[in-house]
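Open the model in your viewer and keep the selection tool at hand.

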Amino acid sequence: MYMRRQNGYSWIHLVALLCLCERSASQLSYSISEEVNKGTVVGNIAKDLNINLQELQIRDLRIVSSFSKTYFDVNLGTGNLFVGERIDREELCPHVVKCSVKIQAALKNPMNVHRIEVNILDINDNSPSFFEQSLSMDISESLSPGERYLLPVAVDADIGSNSVKTYKLSPNEHFSLDVQTGGEHDVSAELVLQKALDREKQPQIKLILTALDGGKPPRSGTLQITVNVIDANDNTPVFSKSLYKVRVEENAPLRTLVIKVNATDLDEGPNGKILYSFIKRGNIDPSDMFDLNPETGEMTVKGQIDFEDTPAYEVRVQAKDQGASPRSAHAKLLIEIIDVNDNAPEISVTSLMTPVKEDAEIGTIVAFMTVSDKDGGTNDVTPCNVVGSVPFKLKSNYKNDYSLVVDGPLDRENISIYNVTIKATDEGSPPLSSIRIITVEVSDANDNAPHFIEPVINVYVKENSPTRSVIFKINTVDPDLDSNAKVSYALLDISPQKIPISSVLNINSETGEIISLQSFNFEELKTLQFKVQATDSGVPPLRSNATVNILVLDENDNIPTILAPYSEHGSVNSENVPYSAEAGYFVAKIRAVDADSGYNALLSYHLSEPKGNNLFRIGTSTGEIRTKRRMSDNDLKTHSLVVLVSDNGEPSLTATVSIDVVVVENTADIQTQFRHVPIKEDSFSDLNLYLLIAIVSVSAIFLISLVSLIAVRCHRTDGSFSRYSAPMITTHPDGSWSYSKSTQQYDVCFSSDTLKSDMVVFPAPFPPVDGELISINGGDTYTRTQTLPNKEKVRGF
């Protein structure tokens, strides 16, 4: 018999708009017939949820479900929920009275979930069918009217009114049909003998049994029945009960006794000997699960009994005697299976929205999941929770439907991947649990500004360095990723500036390399301060600044300069010395300055190899030329001296001055050289006047510098130049004194000669580093103390 499908008009109606479960969830219920065409509209979600179409598109409505097929989808342009795949109720929900498809409609910004239940209505698309195409029955002619014979049942995959509702028998004079309804889903038929059979008159009777379902129009299936008329017993076996009821626990061990049935027969011999057997009905064979002892009637467990597969069994047992024309009776056995908690809950993730941004708000939905349990009763109640300390929690949408949401701050730089453990435990005895691990990735957000390794950077650059050279490379750290960690650099002027920073330096915006645009001259520019700004490429971008101090290091690029009254190399100067001069007689004092700083400006004086006897010496640090001994008649009358003035740089630079020393007989000849200003006993000489002016000037300059330094120390805002100690003035046993500060140090030295003395000041303009400071003392020697790599010398008179 062939099955045929009937195409009809699909019908839809909205069942109910259920109450909102929480702020983030609501439920809709629709009904639709199976086998409708693809594209058939189920209902309008936008209208039923009171959401306009523009908002529906902006919030990106999506339909999510746990099915492998997309049975339903939504048209964002109209808001209609439509059928996306062919729906066969018998395939989707076999042997289930109510068939429903549960889906979820998810909206973003904010995230809301709406549960939709679509009831699949059965249509009469399956015809009743018998497991066997024909049936042969042996009936004795001696039987009296009223004998009853149980007939096979027809099977219909449809449910409700579309299932098997009645049976009909083809017209005949010997048999009638007794249709029995044992419940909503149990319709059986018995063949009733109405008129005694006569084998000699009609040895065989052909009947047709028709099964009809309740569809409109109804569908049917037929069974060919052949009745063989024979001579047999005149007594039928009788069961002690027509209906047996028993309960068996699922997973019962093999050979467990279920029940023992009993039937009696009044006949004797073979006609009274009863054998028990199962009656196979439809496609259900009870011998797969149970054994029936044919002689004792004991029924035992044969297979694996599973409540989740079949919660109850209906078995028909036949008692048949062994007469030549055997007679039989049947009884119904109802076996109820008792559920035990033998199935752990199952956690299904229906939708996983990962990665999650690290700046996601609390309550952001990460995943949808459903927890199910094949057991029944309390064994099916399944609480679910998150295990461990993680910034996520479960939010219940409906019974056994959950959303995994953000429950705390996320920081990708600290943890980029979370393995969230979900545990579901039923309430059986003992309870069973299952665990599902959901991997949640955290994506980066621009929440970290570039970080300078040092907030204040001191860069030391030699003067006269070549242009377009890289003097420093800025390094920053940004723990973000990709574009959020891509840093660009820029120079910022610190106002006020003597010169714009862009004319002196440039920076590579990608590498952070600072490039000089011009050569530095220490004598013109000693320090330069600016800021470097680092900006990442995130949205919005984050930035930070660092202060950079360019400290120019002095190079020995200036030769010493001879000061008046003596001329430099190329001209000859003369001095007179009396013949009676004692050893140590002061002849002349050479003064020189150097535009460099520090050691490069530290000058020393030397005499080149003299001709003749070695009569003169010069103070290495003072430049004073004096006699070594008294003169003798053997000495020359004119001595040509060449004085070399050398700095202490590497390499050393030198200037020379030539002096002719003439030996005269008396002191009157020496004083004639100072004829421009008459010497008066009560007035200063020109030399004393110059010396006094020089001392006063230098002292005034020093006091002004000291006041300025104190003011700068008190008011300077730059932290890199304000963290050093207060100035200190120290006097020395030889009469010299020094002024020092952590960032600057001055050594002021006076010669022991009260008529000819000088003051030497060494400032240190940069932050302190290891080095030496040269402190000039009176006399021919100098001592070294701690100072900076570069020093500036100011020489006054």
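Select K260 and E298. K260 stands opposite E298, a residue of β24. The model you are looking at is predicted.

Now widen the selection to both strands. Strand β24 covers residues 298-301, and β20 pairs with β24 in the antiparallel sense. How many bridges join β20 and β24? The pairing runs over 3 bridges.

The order is β20-β24-β23, an open sheet of 3 strands with antiparallel pairing. Which strands stand at the edges? They are β20 (257-260) and β23 (290-292). Each has a single partner strand, so one side of each lacks a neighbour in the sheet. Look at the sheet's twist too: from one strand to the next, the twist averages 20°.

Next, jump to A564. Find β44 (561-562) and β45 (572-578); A564 is in the loop between β44 and β45. Is A564 buried or exposed? A564 is exposed, because its relative accessible area is 64%, and the cut-off for exposed is over 50%. A564 and I590 are 26 residues apart along the chain, and their C-alpha atoms are separated by 8.6 Å.

Finally, zoom out to the whole chain. Colour by secondary structure: there are 5 helices and 59 strands. The chain has 797 residues, and 45% of them count as buried. Among contacts with a separation of 6 or more, 65% come from residues 24 or more positions apart.

Key
Residues numbered from 1 in each chain as written. Predicted model: local features only at pLDDT ≥ 70, side-chain atom pairs only at ≥ 80, totals over all residues. Heavy atoms only, no water. Pairing = 2+ DSSP bridges. Helix = DSSP H or I, 4+ residues; strand = E, 2+ residues; numbered from the N terminus. Axes fitted to C-alpha atoms, helices over the stretch in contact; angles between N-to-C directions. Buried < 20%, exposed > 50% of the residue type's maximum accessible area, 1.4 Å probe, protein only. Contact = heavy atoms within 4.5 Å.
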